[in-house]
Amino acid sequence: MTIIFDRHSDQNDGRDETVEKNQGIVKEEETELVLDASFEAPHTNSFGHTFRDYDAESERRRGVEEFYRVNHIGQTVDFVRKRREEYGRLNRTEMSIWECCELLNEFIDESDPDMDEPQIEHLLQTAEAIRKDYPDEDWLHLTGLIHDLGKVLLHPSFGELPQWAVVGDTYPVGCAFDESIVHHKYFKENQDYDNPSYNTKYGIYTEGCGLDNVFMSWGHDDYMYLVAKENQTTLPSASLFIIRYHSFYALHKSEAYKHLMNKEDRENMKWLKVFNKYDLYSKSKVRVNVEEVKPYYLSLINKYFPAKLKW
């Protein structure tokens, strides 16, 4: 696979003039962890629209909305419990982190209104953007690389789950679906919507119970979290938090469900807010030279993971 990217090419794209402006934006979003602004967030995604605009007229809009209609109907407490039990056994295969990265080459995320590139490009774009701004936080570089690896659930050897059960924004089940969740209207067809045990603010949870005790809609986030945790990664808790909740936009964009968070969640949330900038705004046409950066990421994989993981 040949992908070309000059890690120092930003001097040619006229972005220097916007450093001060963008730096102000970042400081407004991140009140406790401030970026050095060397990564400049583009104004538009790879389709030329603003990011996460689910109403923008594009060739993907109708498909994305249909994706969320099916997703919101199917993600029930019963469905999530069964998938966690099934995939939590980690008895599908054994492979390395990099082998998993290569499996993602053939998949495109149908829920994403911002890009239609193979997944490995997004992983490397995210990781390299973080690496530029946080050269000493190697755990965060690796988190950028692996955060979407759970999308291997789309692969035939993993049961070839439908996209609505793998990708897209995530949210708690077992309590009321917050109105900030994209295409919220389709939850009315979810069997849990009118269930009095599940449709209140707290549902089956208690205030401050901690997000680790909350059932999240099933998908690649929760699966990769289970894989990393059960394979005894030495990545810090902030990394596992990012992996499990990076698609939880109702929380980190709209601040919904904060009543379920505990102290550790609030501490880790600082890093998730940092990560989110790179996860979202690196979805561009910038290309990465895989062979050039591969040795570095292999060294990080060896540092934080066993050679082979159970999946």
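1. A salt bridge is here a side-chain nitrogen of Lys or Arg within 4 Å of a carboxyl oxygen of Asp or Glu. The model under review is predicted. In it, the side chains of K303 and D138 form such a pair, with an N to O distance of 2.8 Å. This pair links distant parts of the chain, since K303 belongs to helix α11 (residues 290-304) and D138 to helix α6, 165 residues apart. D138 is buried, its relative accessible area being 16%.

2. A search of the whole structure returns 15 salt bridges. One of particular note for the fold is the contact of K185 with E65, at 3.5 Å from N to O. K185 sits in the loop between α6 and α7, whereas E65 is part of helix α2 (residues 61-74), so the pair ties together parts that are 120 residues apart in sequence. E65 is buried, at a relative accessible area of 17%.

3. The pair formed by E255 and K258 has its closest N and O atoms 3.9 Å apart; the cut-off for a salt bridge is 4 Å. Both side chains belong to residues that count as partly exposed: E255 has 47% relative accessibility, and K258 has 43%.

4. How many disulfides does the structure hold? The number is zero. For C101, the closest cysteine sulfur is that of C100, and the separation of 6.3 Å is too far for a bond; the criterion is a pair of sulfur atoms within 2.5 Å. C209 is likewise in no disulfide, the nearest cysteine sulfur, that of C175, being 8.8 Å away. As to accessibility, C101 counts as buried at 1%, and C209 is buried as well, at 17%.

5. Just after α7, Q232 adopts a positive phi of about 55 degrees.

Methods:
Residues numbered from 1 in each chain as written. Predicted model: local features only at pLDDT ≥ 70, side-chain atom pairs only at ≥ 80, totals over all residues. Heavy atoms only, no water. Buried < 20%, exposed > 50% of the residue type's maximum accessible area, 1.4 Å probe, protein only. Helix = DSSP H or I, 4+ residues; strand = E, 2+ residues; numbered from the N terminus.
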